[in-house]
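User: Hi! I have a new structure open and I'm still learning how to read one. Could you walk me through it?

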Amino acid sequence: MDTALEENIMGALENVIDPELGIDIVNLGLVYGADMDDNGNTTVTMTLTAMGCPLAGHIEQDVKRVVADLPEVNEITVNIVWNPPWTKDRMSRYAKIALGIPD
């Protein structure tokens, strides 16, 4: 996948807001990567801030919705992983400032 397409996918994912924290999943550091095959089948690998997150289904549907808007995308799979575990160190400076977390 070329860099511009990956940037487009990550840009689309910035429109997915974690409902509990009010910050997008990219700046929270929840998105670990995106891959697309030659047929446009796209896999977004991500995690959640905590196992058993009650809003996991909501976030997954939002991910599929925003990525589906890209013309290059055919099918979308959201791969939720727990390794490596998420920590606040994965958050962008923007997210840390917005949530009042010291850098």
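**Walking through the fold**

Analyst: Happy to! Let's start at a turn: in the hairpin of β1 and β2, five residues lie between the strands, and Gly 40 takes a positive phi near 85° there. Keep in mind that this is a predicted model.

User: How do β1 and β2 pair, parallel or antiparallel?

Analyst: They pair in the antiparallel sense, over five bridges. To find the spot on screen, look for Met 36, which stands opposite Thr 42 in β2.

User: And which way does β2 pair with β3?

Analyst: That pairing is parallel, over five bridges. Thr 42 is a handy landmark here too, as it stands opposite Ile 76 in β3. To get from β2 to β3 the chain crosses through α2, and this β-α-β crossover is right-handed.

User: Is β2 mostly covered or open?

Analyst: Mostly covered: four of the five residues in β2 are buried.

User: Let me zoom out. How many helices and strands are there?

Analyst: The protein chain has three helices and three strands. Going along the sequence, they follow the pattern α-β-β-α-β-α. The radius of gyration is 13 Å, close to the 13 Å that the globule rule gives for 103 residues, so the chain is as compact as a globular protein of that length.

User: What box do the C-alpha atoms fill?

Analyst: Roughly 40 × 30 × 20 Å, taken along the principal axes. Of the 103 residues, 38% are buried.

User: What share of the contacts joins residues at least 24 apart?

Analyst: It is 60%, counted among contacts between residues at least 6 apart in sequence.

User: Now the inside. How many residues are in the largest nonpolar core?

Analyst: There are 27 residues in it, and those with the most contacts inside this core include Ile 9, Leu 13, Met 46 and Val 67. The elements that each give two or more residues to it are α1 (3-13), β1 (31-36), β2 (42-46), α2 (56-68) and β3 (76-80).

User: Which of them gives the most?

Analyst: That's α2, with five residues.

User: How far is Leu 13 from Ala 68?

Analyst: Their C-alpha atoms are separated by 11 Å, while the two residues are 55 residues apart along the chain.

User: You mentioned Val 67. What is Val 67 in contact with?

Analyst: Apart from neighbours within four places in sequence, Val 67 is in contact with Ile 9, Leu 13, Thr 42, Val 44, Val 73 and Ile 76.

User: Changing topic: how many salt bridges are there?

Analyst: The count comes to two. In one of them, Glu 60 pairs with Lys 64, and the closest N and O atoms are 3.7 Å apart. In the other, the side chains of Asp 62 and Arg 65 meet, at 3.4 Å from N to O.

User: Where do Glu 60 and Lys 64 sit relative to each other?

Analyst: They are four residues apart in helix α2, so about one helical turn separates them. Asp 62 and Arg 65 are three residues apart in α2, which again means a separation of about one helical turn.

User: Is Asp 62 buried or exposed?

Analyst: Asp 62 is buried, with a relative accessible area of 13%.

User: Last one! Which residues does the cis peptide bond join?

Analyst: It joins Asn 83 and Pro 84, with omega at about 0°. You'll find Pro 84 in the loop between β3 and α3 (93-99).

Definitions and conventions. Residues are numbered from 1 along each chain as its sequence is written. This is a predicted model: local features need pLDDT of at least 70, side-chain atom pairs count only at pLDDT 80 or more; totals for chains, interfaces and linings use all residues. Side-chain values use heavy atoms; hydrogens and water are left out. A nonpolar core is a set of buried Ala, Val, Leu, Ile, Met, Phe, Trp, Tyr and Cys residues joined through side-chain atoms within 4.5 Å. Buried means under 20% relative accessible area, exposed over 50%, partly exposed in between (1.4 Å probe, protein chains only). Contact means heavy atoms within 4.5 Å. A salt bridge is a side-chain nitrogen of Lys or Arg within 4 Å of a carboxyl oxygen of Asp or Glu. Two strands pair if DSSP finds at least two bridges between them. A crossover is right-handed if, with the strands pointing away from the viewer, the path from the first strand over the helix to the second runs clockwise. The radius of gyration is taken over C-alpha atoms; the globule rule is 2.2 Å times the number of residues to the power 0.38.
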